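Please have the sequence and the model open while reading.

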Amino acid sequence: MSTETNTMEIAKTILGQIQYADRSALWAWGATNFAAISESKEFQGGVAFQVNGLTHKGWVKVCLRWVDDYTIVFINKKREVVKTVEGAYCDMLVPVIDWIEGK
């Protein structure tokens, strides 16, 4: 499998896991501008998207680590990292992002 195909599959899988946990979560967060994150030394890949939630407006990056858990990074509109959550699993994606969003 090519690196480009693998990158897209990981991004689609993460979005699928979020939608499986809560079908309306991406809509509720005002998620737009989805982008796949390429493989790196730290991460197998991931997905980034812009949100317009109640308390967090900016970007959310969900990165799949090589040890098969996620690092979720919240970036504000000034491109500053405001919060990083490490060691999350797929069933924790929606609750963690909801918690930051202030739900």
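A residue is called buried when its relative accessible area is under 20%, exposed when over 50%, and partly exposed in between, using a 1.4 Å probe and protein chains only. The model is predicted, so local features need pLDDT of at least 70 and side-chain atom pairs count only at pLDDT 80 or more, while totals for chains, interfaces and linings use all residues. Residues are numbered from 1 along each chain as its sequence is written, and side-chain values use heavy atoms, with hydrogens and water left out.

**Ala11**
- Ala11 is buried, at 5% relative accessibility.
- Ala11 sits in helix α1, residues 3-21; helices (H or I, at least four residues) and strands (E, at least two) are DSSP runs numbered from the N terminus.
- Contact means heavy atoms within 4.5 Å; apart from neighbours within four places in sequence, Ala11 is in contact with Ala36, Gly46 and Val47.

**Aromatic pairs**
- Rings of Phe, Tyr and Trp (its six-membered ring) pair if their centres lie within 6.5 Å; planes under 30 degrees apart are stacked, over 60 edge-to-face, and the rest tilted.
- By this rule there are two aromatic pairs.
- Trp29 and Phe49 are stacked, because their ring centres are 6.4 Å apart and their planes are at 5 degrees.
- Trp29 lies in the loop between α2 (25-28) and β1 (32-37), and Phe49 in strand β2 (residues 43-52), so this pair ties together parts 20 residues apart in sequence.
- Trp29 is buried at 0% relative accessibility, and Phe49 is buried with a relative accessible area of 0%.
- Phe34 and Phe49 form a tilted pair, at 5.6 Å centre to centre and 40 degrees between the planes.
- That pair links strand β1, which holds Phe34, to strand β2, which holds Phe49, across 15 residues.
- Phe34 is partly exposed, with a relative accessible area of 41%.
- Trp29, Phe34 and Phe49 form one aromatic cluster.

**Nonpolar core**
- A nonpolar core is a set of buried Ala, Val, Leu, Ile, Met, Phe, Trp, Tyr and Cys residues joined through side-chain atoms within 4.5 Å.
- The largest nonpolar core has 25 residues, of which Ile18, Trp29, Phe49, Val62 and Ile72 touch the most other members.
- At least two residues of this core come from each of α1, α2, β2, β3 (57-65), β4 (70-76), β5 (81-88) and α3 (93-101).
- Not counting residues up to four places away in sequence, Phe49 touches residues including Ile18, Leu26, Trp59, Val62 and Ile97.
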